[in-house]
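Here is a short briefing on one protein chain. Look through the structure, then read the points below.

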Amino acid sequence: MIYSKFSKDELNIFYQAKFEYYRKVSAYCAITIAILEILYFVTDCQLYGRFSYETVIPRLSILLPLGIFLVLAPKIKTYKSGIALYYLIPHAAMWSTIWSIYHLENKDFAREGFIVMHFAFLAIGMAMPLIYHIPIHTCVILNIIISNKFNHYEHFDMMITLAIPLILGVSVMLFIMENTYADAYINKRKLETNSVSDSLTGIYNRFILNEITSPISDKFKIKGSSIHVLMLDIDHFKNVNDSYGHEAGDEVLKFVSLQIKSQLYKKDYVIRWGGEEFVTILVDYSDEEALKLAQKLNNDIKTLENGICNITISIGIYKCTKSDTYHTAIEKADHALYYAKEHGRDRVVNYKDI
């Protein structure tokens with residue numbers, strides 16, 4: 001079941017992803033439905049054996065909702081705001097058919113038209129959550145019941161008994177499609193996460209830069225008034241591996257990455273740059289706040305128990321300017337780190353103070 005695969009917040013994200021994936025297909029289907037509804041005028045003429053002036057307006061009435069759809073659909077950003085608009089077309093097409101049938105002597109032709117409508121709902125339902133689709137699709141029965149008040153269908157009972165299994169069948173198909181897409185979506189998210197995550201520490205790896213920098217300018221595309229880059233390095237890390245073993249060294253790396261990550265906001269980034277080096281990107285910090293955080297990290301990592309041995313870190317800080325590429329920012333933070341290591345280690349150095 002879809003609800004067992006996601007939390008409430010994750011479910012909204014999933015439905016939005018599903019909408020964005022299928023919206024173009026559903027939109028084209030909605031437009032096709034409206035066009036076909038107009039083309040059914042040819043069938044009306046065949047039934048009358050002449051130009052069916054009685055059904056011209058009923059058939060063309062679909063142009064109004066179609067126009068609304070064409071204007072608003074490109075502006076729709078979320079699945080919740082798109083539900084009413086997308087389902088407007090099949091319901092409007094059904095009422096266009098009902099209006100046209102009103103003028104026909106043989107009302108039984110409505111039955112075939114109503115059956116076709118279920119495929120229209122199937123096409124729209126691909127982009128929408130099934131939980132919303134079912135009650136909206138079920139309104140087809142209500143449309144038939146209401147229209148029977150003035151169309152007086154000879155086989156009204158058959159129309160209802162045909163509609164119920166078709167609604168159930170479409171719902172089952174959409175249920176299967178939704179769960180199949182959910183599995184593909186989960187696998188895709190795992191691949192995306194793994195591609196930008198360090199397998200040992202769980203923090204980002206260098207590939208995250210592909211998402212937060214511009215491929216054209218090489219500048220950070222993170223929204224924020226300021227960006228500070230911190231380059232961190234574990235002092236004498238080789239001694240940890242040599243004295244305690246590589247598994248112990250891995251535990252130290254996990255400890256350091258956890259300490260850094262625990263003190264950042266969601267908008268910040270911590271990246272394992274390579275070996276015992278880490279890059280931290282701070283968004284919307286003042287110079288004082290960035291320096292204070294760096295000093296706190298430096299103090300916490302050397303005073304908190306990590307279960308292996310006492311360690312210290314050196315940190316270089318650089319505040320990005322508007323003209324800086326990420327290469328320049330990291331290079332200058334690295335220069336400040338090098339200065340810290342050359343002047344005794346276990347310290348924080350701001351690039352502007354060198």
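Ser52 touches Phe41, Asp44 and Cys45, leaving out residues up to four places away in sequence; a contact means heavy atoms within 4.5 Å. This is a predicted model: local features need pLDDT of at least 70, side-chain atom pairs count only at pLDDT 80 or more, and totals for chains, interfaces and linings use all residues. Residues are numbered from 1 along each chain as its sequence is written, and side-chain values use heavy atoms, with hydrogens and water left out.

**Ser52**
- Ser52 sits in the loop between helix H1 (8-48) and helix H2 (56-60). Helices (H or I, at least four residues) and strands (E, at least two) are DSSP runs, numbered from the N terminus.
- Ser52 counts as buried because its relative accessibility is 0%. Buried means under 20% relative accessible area, exposed over 50%, and partly exposed in between (1.4 Å probe, protein chains only).

**Asp233**
- Asp233 lies in strand E1 (residues 227-234).
- With a relative accessible area of 5%, Asp233 is buried.
- Beyond its neighbours within four places in sequence, Asp233 has contacts that include Glu276, Glu277 and Lys341.

**Helix H4**
- Helix H4 covers residues 79-102, which is 24 residues.
- At 1.5 Å a residue, H4 should span 34 Å, and its end C-alpha atoms are 35 Å apart, so the two values agree. The expected span is 1.5 Å times one less than the number of residues.
- H4 has a kink of about 30° at Leu88, shortly before the proline Pro90. The bend is the angle between axes fitted to the seven residues ending at a residue and the seven starting there.
- H4 is mostly covered, with 17 of its 24 residues buried.

**Cysteines**
- How many disulfides does a search of the whole structure find? The search finds zero. A disulfide here is a pair of cysteine sulfur atoms within 2.5 Å.
- Cys29 is partly exposed, at 24% relative accessible area.
- Cys320 counts as buried, at 16% relative accessibility.

**The whole chain**
- The chain has twelve helices and five strands.
- Its C-alpha trace spans about 100 × 40 × 25 Å along the principal axes.
- The chain has a radius of gyration of 31 Å, whereas a compact globule of 354 residues would have one near 20 Å. This radius is taken over C-alpha atoms, and the globule rule is 2.2 Å times the number of residues to the power 0.38.
- Buried residues make up 48% of the 354 residues.
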